[in-house]
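Subject: Structure handover

Hi,

Here is the structure for you to look over. My notes follow below it.

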Amino acid sequence: MEQRARKLDIVRAEHTLLVGVDIAKRKHWARAMDNLKGMPVGNAFAFQNNREGFERLLGSMARAQKATGATKIVVAMEPTGHYWKPLAWYL
């Protein structure tokens with residue numbers, strides 16, 4: 001529990017873009033949120049579980065980071081089976 005609290009403190013210490021990813025077999029969904037405003041940034045979007053999809057996610061995160069002025073990006077995903085591994089390794 002103490003380690004989790006330290007991680008949350010790191011996220012809260014700076015202007016951070018939080019990106020939640022819903023993992024699935026072939027198509028993932030992502031949603032970005034500005035930690036300072038507590039507001040979503042843009043719309044949720046789908047991307048494929050492959051290199052092209054991961055590049056789409058990176059592009060979207062870069063645009064959201066620029067729009068918010070965030071200094072960090074944290075990607076959060078729930079490990080679903082083994083389907084999360086390609087994205088985690090890519091990031």
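The lining of the largest cavity consists of L17, V19, R31, A32, F45, S60, M61 and A64. A cavity here is a set of points on a 1 Å grid over the protein atoms alone, where a 1.4 Å probe fits but cannot get out; lining residues have an atom within 4 Å of a point. Elements giving two or more residues to this lining are β1, β2 (27-34) and α2 (51-68). Helices (H or I, at least four residues) and strands (E, at least two) are DSSP runs, numbered from the N terminus. With three residues, α2 gives the most. By type, the lining has six nonpolar residues, one polar and one charged. Nonpolar covers Ala, Val, Leu, Ile, Met, Phe, Trp, Tyr, Cys and Pro; charged covers Asp, Glu, Lys and Arg; the others, Gly among them, are polar.

The volume of the largest cavity is about 30 Å³. Volume means the space filled by probe spheres set on the points, with grid points joined across faces, edges and corners. The count is one cavity of 30 Å³ or more.

Some ground rules. This is a predicted model: local features need pLDDT of at least 70, side-chain atom pairs count only at pLDDT 80 or more, and totals for chains, interfaces and linings use all residues. Residues are numbered from 1 along each chain as its sequence is written, and side-chain values use heavy atoms, with hydrogens and water left out.

Next, the core. The largest nonpolar core has 15 residues. Such a core is a set of buried Ala, Val, Leu, Ile, Met, Phe, Trp, Tyr and Cys residues joined through side-chain atoms within 4.5 Å. Buried is under 20% relative accessible area, exposed over 50%, partly exposed in between (1.4 Å probe, protein chains only). L17, V19 and L87 are among those with the most contacts inside the core. α2 supplies its largest share, four residues.

Now H15. This residue sits in the loop between α1 (2-13) and β1 (16-22). H15 counts as buried because its relative accessibility is 16%. Its side chain makes a polar contact of 3.0 Å with that of D34. (Polar contact: a pair of N or O atoms within 3.5 Å; within protein, one must be able to donate a hydrogen and the other to accept it, and residues adjacent in sequence count only if both atoms are side-chain atoms.)

Last, W29 in strand β2. W29 is partly exposed, at 43% relative accessible area.

Best wishes

Technical notes
On a 1 Å grid over the protein atoms alone, a cavity is a set of points where a 1.4 Å probe fits but cannot get out, and a pocket is an open set with protein on both sides within 12 Å along at least five of seven lines; lining residues have an atom within 4 Å of a point.
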